[in-house]
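Open the model in your viewer and keep the selection panel at hand. The stops below can be taken in order.

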Amino acid sequence: MTATAAGRPTVTPVPFDPEVQAVLDEIAKNPQPALTRDTLPRDGVDRMFPDNDAVIAGRDIEWEDRAIPGPAGAPDLEITVFRPSGSRGEVLPGFVNIHGGGMIVGHRSWETGRVVDIVDEHRVVAVNVEYRLAPENPYPAGVEDCYAAFVWVHEHAAELGIDPERLIVGGGSAGGGLTAAVALMARDRQGPVMAGQLLLCPMIDNTNTTVASRQYDGIGTWQREMNLLAWSCVLSDDLAFHPDAPAYAAPSRATDVSGLPPAFIEVGEAEAFRDEDTEYALRIWATGGQAELHVWGGGAHGFDMYMPEAEISRAALAARASWLRRIWRADR
């Protein structure tokens, strides 16, 4: 097995888009200390971003926090439900969002902006999910939380005003990886059928052995060192980078990717997850499955959130919105 390493790129990286590079240069002016297991942020993470009302900013959207049952024997889960104002009594498409952060950091409030934009543009009911983080709660805690949330939303679709046949699950980075895992679990457990899986630069390969994973060692946004830390927290030291890791932790390990819901896979050309995400699409196609793949030239990891005004971000958001419309249309 190829040894893992952190430091600087050992393979020449694809250059960043100029607009992306400009933002990365600004970020580099205020370097932050590297995170460790002992310094992962926990207190106050829900206050690091504007509150829901500030993000909604006068748009006709209402929201409520709720607690729902978690997996058997586990704590309840916190969710936030967003809906168009005055839509109670209607039946709308649904979206379940799983936040990113490597499965070791993050909070659902960090992605309120993405969720609210989807509610506003597409007139849907969205559920933003909180899940347990590693290393305090290693695999399978986080993915079981996400699966339980998906099942609950599907089972309570009528109460929420959601059409259960038009329910998409999605997320970015770790949220994308967890979404892919939930799709695998739903298939294998003969659970609810999701209409589609929105995989935005998904974190799905624990081995860190691809060319791309070595091209962005020490550069970009989500860097190799953080990815190694994340997988070591989620999985045991024995399995962290091992090809025998469970597929519900690292979907790239799945031996069978047939029978999955239509996937939208988006990734930057200039990020560590490029190769694993592209390979996942190729494997789905090989089974006759549907996977719409977009590799955005010069895009860093999470470029649409770090650089929302960049031309590639605008193009990526337009492509994403097109796919959502096509999956949610009533006559599909």
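Predicted model: local features only at pLDDT ≥ 70, side-chain atom pairs only at ≥ 80, totals over all residues.

Residues are numbered from 1 along each chain as its sequence is written, and side-chain values use heavy atoms, with hydrogens and water left out.

Select Glu271, in the loop between strand E7 (263-268) and helix H9 (274-286). Helices (H or I, at least four residues) and strands (E, at least two) are DSSP runs, numbered from the N terminus. Now show the residues that Glu271 touches beyond four places away in sequence, among them Cys201, Tyr216 and His301; contact means heavy atoms within 4.5 Å.

Next, select Cys201, in the loop between strand E6 (196-200) and helix H7 (211-215). Cys201 is buried, at 8% relative accessible area. Buried means under 20%, exposed over 50%, and partly exposed in between (1.4 Å probe, protein chains only). Its phi is positive, near 40 degrees, though Cys201 is not a glycine. Most residues other than glycine have a negative phi, and most peptide bonds are trans.

Move to Arg123, in the loop between helix H3 (112-122) and E4. Arg123 also has a positive phi, of about 55 degrees, but is partly exposed at 37%.

Finish with Pro135, in the loop between strand E4 (125-129) and helix H4 (141-155). The bond from Ala134 to Pro135 is cis, with omega near 5 degrees. Pro140 is in the loop between E4 and H4, and a cis bond joins Tyr139 to Pro140, with omega about 10 degrees.
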